[in-house]
Amino acid sequence: MPIRQITIIGTGLIGGSLALALKKHKFAGRIVGCDREATLERARNRGAIDVGFSDPGDAVRGSQLVVLATPVLAIVDLIERVGPVLPANALLTDVGSTKAAVAERALKIFGKAAGKRFLAGHPMAGKELSGVDYADADLFQKAVWFLTPLPEQNLNEGLFAEFAGWIDQIGARIAMLPPNEHDRLCAWISHLPQMISTALAATLVEEFGEEAPLLPAGGRALQEMTRISASPYSMWRDVAISNKKNLEDALWKLEQRLAHIRENLGTRQLAEEFELAHQLRKIPAKKA
């Protein structure tokens, strides 16, 4: 059965962008939103959704694909709430930033049927500004969309294949790896950069005060390094809680590196740090 109706639970930046991207690339079916009424109204005004419901049970009725697009801990809770009322032939997926806790809850709720009912995913796309007002139909262009299949899950048939086809249609590139590997990798390439930006911005505010014209004076480098410090705590709180061990490990190793640099500002070892850092740009990028 082809996908004729998609429900997106959480019509903020990612959920709203997904809806707009699907419409831009000629998805002919109906897109149902699920969120607070005020958010649904903005999503309708943006043309992201065709109809909206505040209750997930009502929102999933009649859909072949249901996308959970909320912060991670809410996704974990929604799997438990939506799972029992999900249409029998529907596929449930998510866009959460961590995957181990999500996959664990899906296995608990769906049991032996989990491989046919749920597919965990994570598009590596976003902005520092949240909400459907900032949704963008081109947000996923050239972005990696991680899928973390459950054991023995076949993604080459049925709704799995059709959903993967839509990921490709909206411009993203699929990469697959196990949930635990995803969480360790993203701790380094996504979650750690956020914490660095947050720490730098908070330190600058403490050091110079809120009124200091820091960004214009610092130029492009400072603006780029602090841009994502404006990201919402509500999302990153859930990331930090659900990926705590991996993020702690990454932060500890970075702290050690920073301490080494601080202790060697006047030695040859500082040059060695720069030489090592320069190698990052020389490493060939792997195709997803």
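Start with Thr148, which sits in strand β7, residues 144-148. Helices (H or I, at least four residues) and strands (E, at least two) are DSSP runs, numbered from the N terminus. This is a predicted model, where local features need pLDDT of at least 70, side-chain atom pairs count only at pLDDT 80 or more, and totals for chains, interfaces and linings use all residues. Residues are numbered from 1 along each chain as its sequence is written, and side-chain values use heavy atoms, with hydrogens and water left out.

Thr148 has a relative accessible area of 0% and is therefore buried; buried means under 20%, exposed over 50% and partly exposed in between, with a 1.4 Å probe and protein chains only. Setting aside neighbours within four places in sequence, Thr148 contacts Lys99, Ala120, Leu177, Pro178, Pro179 and His182, contact being heavy atoms within 4.5 Å.

Leu147 is also in strand β7, and at 2% relative accessibility Leu147 is buried. Not counting residues up to four places away, Leu147 touches several residues, including Leu119, Ala120, Ile167 and Leu177.

Now the helices. How do α4 and α5 pack? Helix α4 (residues 72-82) and helix α5 (residues 100-110) have axes 9 Å apart, at an angle of about 5 degrees. Axes are lines fitted to C-alpha atoms, for helices over the stretch in contact, and angles run from 0 to 180 degrees between N-to-C directions. The two are therefore roughly parallel, the word for angles under 35 degrees.

Definitions and conventions:
Angles under 35 degrees count as roughly parallel, over 145 as roughly antiparallel, 65 to 115 as roughly perpendicular and the rest as oblique.
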